[in-house]
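I have kept to what can be read from the coordinates.

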Amino acid sequence: MAADVSAPNGRKDDLHGTTAVQPVIEMREVSKRYGRVVALAGINFPIYPSEIVGLVGDNGAGKSTLVKIISGAIRPTDGEVLIDGKVAALSSPLESRRYGIETVYQDLALALHLSSAANMFLGRELRRRGLLGWLGWRDEPLMTRRAREELSALRIEIGSVETACESLSGGQRQAVAVARAVAWAKRVILMDEPTAALGVEEQTQVTQLVRQIRDRGISVLLVSHNLLQVHSLCERIVVLRHGKVVADLNRDEVTVEDIIMRITGATSTRAT
């Protein structure tokens, strides 16, 4: 089945005569094989500035593999990843972070015995100036202040940033993980099933956070099985099936039922 690629947000512009917008990240003919198993096959997938993109598909469609490639956790077998139009070697998560790409995983990757402030700077602790910093002393007051400022800017209320994360609710923990990503991201935040274990009210809070991220000029790639949330939140919706992009849709031109049919392959593609 050929990919159903629309012209979301006027960005694929040759039909309208407008100026092209360069993707912040673009995958070109990216494939990933594990022996005879093909996880991704010839993926062409751009993420544009300041947009929320939904990535959907059934289990085994290749969503997690795609996210791991962008996050630097694994390397593609073939193809290349471009950042701001230039080929980038995302050889590790650290390298991906250097390009301003942050990931919020479903399990949040928080150290629950540590405070919110400590988690926001985990692995990137700020050191004191002078000799004490050279000796490895951390600047706890500065990290606490910056964590408080970041959470306040995102209108996240969790009480004290010095409280251990294990005492927070699921939604508050998710908010801390998102705030950490926002604090360090420059280009894109990858969110893998961010609301899977949350209640309705907490899902709404995370949805508001995603919109705030976009308003800051950071793009968001949202991986989710919650198609109602994806349809309401994302401007573009990319559908993977059997490791291939089968649809790149403008949210305003499709329904949730249309998305389901493309995920399952229950209908031939049609113009959107």
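The points below go from confidence and overall make-up to single elements and residues.

1. Basis of the note. This is a predicted model, in which local features need pLDDT of at least 70 and side-chain atom pairs count only at pLDDT 80 or more, while totals for chains, interfaces and linings use all residues. Residues are numbered from 1 along each chain as its sequence is written, and side-chain values use heavy atoms, with hydrogens and water left out.

2. Confidence. The mean pLDDT (the predictor's confidence in each residue, from 0 to 100) is 85 for the chain, with 88% of its residues at 70 or more. Where pLDDT is low, the predicted coordinates should not be read in detail.

3. Overall make-up. The chain has nine helices and eleven strands, taken as DSSP runs (helices H or I, at least four residues; strands E, at least two) and numbered from the N terminus. Of the 272 residues, 49% are buried; here buried means under 20% relative accessible area, exposed over 50% and partly exposed in between, with a 1.4 Å probe and protein chains only. Among contacts between residues at least 6 apart in sequence, 64% join residues at least 24 apart.

4. Strands E2 and E3. Strand E3 (residues 37-47) runs antiparallel to E2 and is joined to E2 by seven bridges, two strands being paired if DSSP finds at least two bridges between them. Val30 has Ile43 in E3 as its bridge partner. The two strands form a hairpin with two residues between them, and Gly35 in the turn has a positive phi of about 65 degrees.

5. Helix H1. Six of the eight residues of helix H1 (residues 63-70) are buried, so by the cut-off of under 20% relative accessible area the helix is mostly covered. The buried residues are Lys63, Thr65, Leu66, Val67, Ile69 and Ile70. Gly72 follows H1 and has a positive phi, near 85 degrees.

6. The cavity. The structure holds one cavity of 30 Å³ or more, and the volume of the largest cavity is about 30 Å³. On a 1 Å grid over the protein atoms alone, a cavity is a set of points where a 1.4 Å probe fits but cannot get out, and lining residues have an atom within 4 Å of a point; grid points are joined across faces, edges and corners, and a volume is the space filled by probe spheres set on the points. The lining consists of Gln22, Pro23, Val24, Ile25, Glu26, Leu82, Ile83, Asp84 and Gly85. Strand E2 (25-34) and strand E5 (78-83) are the elements that give two or more residues to this lining.

7. Loop residues. Arg155, in the loop between H5 and H6, has a positive phi near 60 degrees although other than glycine, and is exposed at a relative accessible area of 63%. His242, between strand E10 (236-241) and strand E11 (244-250), has a positive phi of about 50 degrees and is not a glycine either; its relative accessible area is 61%, so His242 is exposed. Ser169 is in the loop between helix H5 (140-153) and helix H6 (170-184) and counts as partly exposed because its relative accessibility is 31%. From Ser169 to Glu202 the C-alpha distance is 9.3 Å, across 33 residues in sequence.

Key: On a 1 Å grid over the protein atoms alone, a cavity is a set of points where a 1.4 Å probe fits but cannot get out, and a pocket is an open set with protein on both sides within 12 Å along at least five of seven lines; lining residues have an atom within 4 Å of a point. Contact means heavy atoms within 4.5 Å.
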